[in-house]
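Hi,

Here is the structure I promised to pass on.

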Amino acid sequence: MQKLPIKRTVEGLLRLQDTGTSATLLGIGPMSSNLLQAAFELGRDDDFPLMFIASRNQVDCDDLGGGYVNGWDQKRFSADIAAIAQKVGFDGLYYLCRDHGGPWQRDEERNAHLPENEAMELARKSYLADMLNGFDLLMIDPTKDPFEIGKVIPLDVVLRRTVDLIEWCEKERVARGLPEIGYEVGTEETNGGLTSTDKYHTFIERLKDELVARGLPMPTFIVGQTGTLTRLTKQVGHYDFEAAYSLAKMARSYGVGLKEHNADYLDDVTLLEHTPANVTASNVAPQYGTEETRAYLKLCDVEDLLVREGLLASDKVSGLRKTLLVKAIETERWRKWMVGDQVNLSVEEILANEKLSLDILDISGHYAFNDSEVKAATEKLYANLAAQNIDGQRFVVDHIKRPLRQYVECYRLKGATSRILEALAK
């Protein structure tokens, strides 16, 4: 299929909103190759566009620190995604999307309190690698400011950084003869200052004025706060239908789609509400990583049973459960999902607490999937199970499909690609 620019796909969805046949695109955090395979298989079978949303911590240039997912930089990420799509026979629309690009969006840069000019330069370097390797959507998020922790960043500062980065990216893109890309602006972070409909409108209006004045395109998405919030392995926010409907209507009046973040662990009723609210896209990431971790742990339970039943020697056990637990806790990336005083506990304190260790494994096992010891233990687990005619990797992919399918069904994604193409052809 000839690839549509992501802005055209969103245009098609906005047109479909008038007919009652629209859908909400799903932004999938690319936590592993297994997740990519699961997504492509569903996209192939149910005919909908796929969006893979990679943060800078997950996928970035090697000389900026690389990514924790499969050690991917932009080139390897793009190549591996294309290979998996071909492997499963997916020939539909899929988009590589930069999630939370911008200054200080890598943990190391923020912790180092880099000055703004240096952080902006690193952001530009990352964006250039994105564009050179086929990314279709760049999120411009300059709100992770280490000098304004706990404060709302002034709107003027957010606008200045946002427009400057879009202008730089567009100049580089045009100069290098690269295809059209889309932009995502705004943030779900409260320090971004866009938590009310009034401020959201002010941001869009002022952004439009600045972009028009510089001859730059309007964004494809503007992120709005619909009340969603993920902590631990739960949805702790309170979805606000009226806010979502109002923000979507406002965004559409500018020809832009409303993008929602932190849509993990939503129940069916809330997911179904996205259609009448006209939410154009929403992001889900840690939930799918957690589901993959849970799949591995279930396979570990089967391995334990094989030992108890005398079908596997105890000295042949993979040890994946323990290896994954220790490696995941040692990453310390779980801190962002914690609540209360637990966020400040040391690795040693966590490892000494069995219940808390298991809770954190559930949250953050995916951060260690690429660890060499974890990968070796996983392959050993697969081999032990294969000897008893169990396809472990197939089980993992299918396990991840379960929550993916929930969103596909509730977001009315089945047949969405065909509906979009028909809407654009009219």
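Predicted model: local features only at pLDDT ≥ 70, side-chain atom pairs only at ≥ 80, totals over all residues.

Residues are numbered from 1 along each chain as its sequence is written, and side-chain values use heavy atoms, leaving out hydrogens and water.

I paired rings of Phe, Tyr and Trp (its six-membered ring) when their centres lie within 6.5 Å; planes under 30 degrees apart are stacked, over 60 edge-to-face, and the rest tilted. That gives 12 aromatic pairs. One of them, Phe 77 with Phe 135, is tilted, at 5.9 Å centre to centre and 45 degrees between the planes. Phe 77 sits in helix H3 and Phe 135 in the loop between helix H5 and strand S4, so this pair links parts 58 residues apart in sequence. (Helices, H or I with at least four residues, and strands, E with at least two, are DSSP runs numbered from the N terminus.) Phe 77 is buried at 0% relative accessibility, and Phe 135 is buried at 2%. Buried means under 20% relative accessible area, exposed over 50%, partly exposed in between (1.4 Å probe, protein chains only).

There's also a cluster made of Phe 40, Phe 52, Phe 90 and Tyr 94. Lys 3 lies over the face of Tyr 94, 5.1 Å from the ring centre; the rule is NZ of Lys or CZ of Arg within 6 Å of the centre and within 35 degrees of the ring normal. Likewise, the charged end of Lys 259 sits over Phe 221, at 5.2 Å.

Cheers
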